[in-house]
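Student: I've got a structure open and I'd like to learn how to read it feature by feature. Can you walk me through it?

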Amino acid sequence: MQPARGWTVQHIPDLSTSTVLITGANSGIGFEAACLLADRGARVTLACRSPLRGQNALARLRGRIPEARVELLELDLGDLTSLRAAVERWLQDNDQLDVLVNNAGVMATPLRRTADGFELQFGTNHLGHFALTGLLLDSLLATERPRVVTVSSGTHQMGSIAFDDLNWTHRRYRPWQAYAQSKLANLLFTFELQRRAAARGLALDALAAHPGYAATKLQVRGPQMRRAAVTERLSLLANRLFAQDAAHGALPTVAAVGLPAAQGADYWGPDGRFGLRGLPAHAPVGAAATDMTAASQLWDRSEQLTGVRFAALRAA
């Protein structure tokens, strides 16, 4: 089911009984999604790697929405030890979670490694969120109709999963291919999570979204890390000329979180030409993202790499 023309965030019902945790919520579409959901009444946790940027985001959000119920959680997706500690801190004050939004990400970075030795994009964009979802699964299942929304990208259609070298230790590193692999992994994870939850008769809905072409810091961070000044300037120019703003880029995520008609295995994105901008609608899924064998294999490898196992989804 597609939203009607003229769709706005006001189509999202009241969320005052919902608790939402959003990763990477200090800027870009994560911050804008947090604002929109808080404005609909949700209690929102901004999960951010940098305490300073997180505090600044918290202040900006409260400036926009003084009545917002919002809190900050320091969480580093690139360090599994830190991630586990962050989840433990959050669970000390929260016994249930209605929606987890796996939003944080890095794009087209030079070859870097996480604290656990994973290639940065695969480790942050996929493995960190895989582990976070598993660690919060019991809290999600304590709610009536939990949702996990993972932010992917249209770039997933150019990706492939190199199971023999997931972390780019043997191949020449290609930043955009690594990014596409991580975004394809996001969709494979979403669809496999939905299949496993449904097989156990659980009410969990796993959905995905993509922002289209939204002007955020994501486009320039990679060139900055590579010290590619010309690419950075071109990215900034393209953002000004062609991209929609971050608030519009956040709408597919917000739709996946809050639309009553949204359901498990949905993939939401802008409805405009090539899916670059527009209102939320069902987005096309590349053939590789529907490969159930690859999804199951990726799940097993992700459990092995992170040490996080989804006990509630295991066969009885």
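Student: Let's begin with Phe274. Where is the place of Phe274?

Tutor: Keep in mind that this is a predicted model. Phe274 sits in the loop between strand 7 (267–270) and strand 8 (280–282).

Student: What is the phi of Phe274?

Tutor: The general idea is that most residues other than glycine have a negative phi. Phe274 has a positive one, near 60°, and is not a glycine.

Student: Buried or exposed, that Phe274?

Tutor: Exposed means over 50% relative accessible area. Phe274 counts as exposed because its relative accessibility is 70%.

Student: Which loop holds Trp168, and what is its phi?

Tutor: Trp168 has a positive phi too, about 55°, without being a glycine. Its loop runs between strand 5 (147–151) and helix 5 (175–199). Trp168 is buried, at a relative accessible area of 3%, whereas Phe274 is exposed.

Student: On to strands. How do I read the pairing of strand 7 and strand 8?

Tutor: Strands of a sheet pair through backbone hydrogen bonds, either parallel or antiparallel. Strand 7 and strand 8 are an antiparallel pair with three bridges, and Pro270 faces Pro280 across that pairing. Strand 6 (residues 205–209) and strand 7 run parallel and are joined by two bridges; there, Ala209 is opposite Trp268.

Student: What order do the strands of the sheet have?

Tutor: The sheet is open, with eight strands in the order 3-2-1-4-5-6-7-8 and mixed pairing. Strand 3 (69–74) and strand 8 are at the edges with a single partner strand each, so one side of each has no neighbour in the sheet. From one strand to the next, the twist averages 25°.

Student: Which strands is strand 1 joined to?

Tutor: Strand 1 is parallel to strand 2 (residues 43–48), with five bridges, and parallel to strand 4 (residues 99–102), with three bridges. Ile22 is a handy place to look: it stands opposite Leu46 in strand 2 and opposite Val101 in strand 4.

Student: And what packs on the sheet?

Tutor: Helix 1 (residues 28–39) does, touching strand 1, strand 2 and strand 5, with its direction at about 170° to that of strand 1. Helix 5 packs on the sheet as well, in contact with strand 4, strand 5, strand 6 and strand 7; its direction is at about 160° to that of strand 6.

Student: How many residues of strand 1 are buried?

Tutor: In a regular strand the side chains alternate between the two faces of the sheet. For strand 1 (residues 19–23), five of its five residues are buried. Thr19, Leu21 and Thr23 cover one side, Val20 and Ile22 the other, and both faces are covered.

Student: At what angle do helix 4 and helix 10 cross?

Tutor: The axes of helix 4 (residues 120–141) and helix 10 (residues 292–306) come within 10 Å, crossing at roughly 85°. That makes the two helices roughly perpendicular. Phe122 and Phe130 are among the contact residues from helix 4, and helix 10 brings residues including Leu298 and Trp299.

Student: Last one: how many disulfides does the structure hold?

Tutor: A disulfide is a covalent bond between the sulfur atoms of two cysteines. This structure holds zero of them. As for individual cysteines, Cys35 is buried at a relative accessible area of 4%, and Cys48 is buried at 2%.

How values were computed: Residues are numbered from 1 along each chain as its sequence is written. This is a predicted model: local features need pLDDT of at least 70, side-chain atom pairs count only at pLDDT 80 or more; totals for chains, interfaces and linings use all residues. Side-chain values use heavy atoms; hydrogens and water are left out. Helices (H or I, at least four residues) and strands (E, at least two) are DSSP runs, numbered from the N terminus. Buried means under 20% relative accessible area, exposed over 50%, partly exposed in between (1.4 Å probe, protein chains only). Two strands pair if DSSP finds at least two bridges between them. Axes are lines fitted to C-alpha atoms, for helices over the stretch in contact, and angles run from 0 to 180 degrees between N-to-C directions. Angles under 35 degrees count as roughly parallel, over 145 as roughly antiparallel, 65 to 115 as roughly perpendicular and the rest as oblique. Contact means heavy atoms within 4.5 Å. A disulfide is a pair of cysteine sulfur atoms within 2.5 Å.
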